[in-house]
Amino acid sequence: MNSTVKRTAVACLFMFLLLMGNVTYIGAVQAEGLKNDPRNARAFFARYNIDRGWITANNGKVTLARTKDTGDATFRFKREYPGGKAFSHVVGYFAPESATGIEAAAGRYLDGTHPDLVVRRAIDLVSGKPAKGANVDLTLDVQAQRVAYRLLNGTGKRGAVVALDPKTGAVLAMVSSPSYDANPLAQPNKAKVNAAWQKLNKDDNKPLINRAIEQTYPPGSTFKVVTSAMFLSEDTSRDENTVVDAPDALPLPGVVQPLRNYRGESCGGQATMLRALAISCNTPFAKIGMDLGYDRLKEQAERFGVGKPLEIPLYVQPSDIGPQEDKAALAQTSIGQRSNRMTPLQMAMVAAGIANNGTVMKPYLINKIVAPDGTELEVTEPEELTEAVSPEVAAELTRMMVGVVQQGTGQAAQVPGITVAGKTGTAETGPGQPSHAWFICFAPAEDPKVAVAVIVESGSAGSDATGGAVAAPIAREVIQAVLGR
């Protein structure tokens, strides 16, 4: 009898331990997954019972995303995006089962679940008030953002614009075109949201992609600035007046066809670095790349931030100059072709690094986070990312880039009364295919306040678009917007 009771007791204890272990596993390990499981109806309704924080810009003066109290017991709060399509890729959307952009990256502040808001959350719980999140203020210059959006999306161009404060890394503008309306994706109706998302996802122009940070492109001749930085940094006796070989045709090892300048133009056999960059010769920069080698070029690119993991706090696709191949491939890489791929943000960082005396600042989108009671929970402090070049080399590159705008291929970027430093790029995309049009710049050159990168994608601005004709005028307007001109 005693042995039977003992076995029963042991069995019960074992089952109890299994039950407790299962409860602990579910509560500690599976809790987050179950909470976010699309089949969890309770979580679905709970998403719309939180007074989600607002997303603003211009120090809280402009609302980009807000929460409206509908008074409905089932779906109490409704998300709205008054900022419109110009801000969609940065702000993102808050959908029934997902979120993107700042809505996702700063989600725990916006919904009030961040540890910094735990006291506030407890007060709301005790008082019976709806949970309230913090407001997130962005670094965006609203006027510059709207101008960039109008010049891209408003004219049917595909591409992106990024503007940075070179001294801090603050993102002043980040536009991707084409864009989309976030409001249909924020409805508390899974079927309608899914239909809206499917329509956008099937669009051949891929409006859901943030081309500024998620897409990489061959940078074309804008990358010659990086090659120039390598050349000037290699020997302190070199400057913008150093004469380099600039043949009309550069023989490439193992390749029948030599490398030529754009449209077969002549650069006179020799040219100063300033002149070579101003008229965008291909051959001298390709030769510099081959002479100094892949490792040195890769190192210089990395000093501008290429390949470094970045979250601003949005995830940024890493840029890359491509793998080490032969000398012929290196020549192409040195002028921004071959496997060389950069995001528009990365090329804005190149311009910003030169503008900031050679120091690249870490880009960031969030200016500050403000609690529901108005207390500033977090204010972003500028942070150095890398030292790309010395101040002396940065000054030499600046003079070369000023030459591009004053007497070279970038004259369309000129702003009356403002000295603009820039570089054009016309990146080949394939045999018989239109090129991408690029422009990077900063201004005023004497005391830079803004650095800009513009890309207009292949075929969206005509069949023979160039960076100087298509991208430079867009950059000029963004500069003027930031400087209030």
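This is a predicted model: local features need pLDDT of at least 70, side-chain atom pairs count only at pLDDT 80 or more; totals for chains, interfaces and linings use all residues.
How do the residues of the lining of the second largest cavity divide into nonpolar, polar and charged?

The lining in question divides into 4 nonpolar residues, 1 polar and 4 charged. The residues concerned are Arg47, Tyr48, Ile50, Arg52, Thr67, Phe77, Lys78, Arg79 and Phe94. Strand S3, residues 77-80, supplies the largest share of this lining, with 3 residues.

In total, the structure holds 5 cavities of 30 Å³ or more. The largest cavity has a volume of about 60 Å³. Around the largest cavity we find Gly305, Gly307, Lys308, Leu310, Val316, Gln317, Pro318, Ser319, Thr343, Gln346 and Met349. That lining consists of 4 nonpolar, 6 polar and 1 charged residues.

I now come to the cysteines. A disulfide is a covalent bond between the sulfur atoms of two cysteines. A search of the whole structure returns 1 disulfide. Cys267 and Cys281 form this link, with their sulfur atoms 2.0 Å apart. Cys267 sits in the loop between strand S9 (259-260) and strand S10 (269-272), and Cys281 in the loop between helix H11 (273-278) and helix H12 (283-292), so the pair ties together parts that are 14 residues apart in sequence. The link of Cys267 and Cys281 is left-handed, with -115° about the S-S bond. Both Cys267 and Cys281 are buried.

Finally, is Cys441 buried or exposed? Cys441 is buried, because its relative accessible area is 0%, and the cut-off for buried is under 20%.

Terms used
Residues are numbered from 1 along each chain as its sequence is written. Side-chain values use heavy atoms; hydrogens and water are left out. A disulfide is a pair of cysteine sulfur atoms within 2.5 Å. Helices (H or I, at least four residues) and strands (E, at least two) are DSSP runs, numbered from the N terminus. Buried means under 20% relative accessible area, exposed over 50%, partly exposed in between (1.4 Å probe, protein chains only). On a 1 Å grid over the protein atoms alone, a cavity is a set of points where a 1.4 Å probe fits but cannot get out, and a pocket is an open set with protein on both sides within 12 Å along at least five of seven lines; lining residues have an atom within 4 Å of a point. Grid points are joined across faces, edges and corners, and a volume is the space filled by probe spheres set on the points. Ala, Val, Leu, Ile, Met, Phe, Trp, Tyr, Cys and Pro count as nonpolar, Asp, Glu, Lys and Arg as charged, and the others, Gly among them, as polar.
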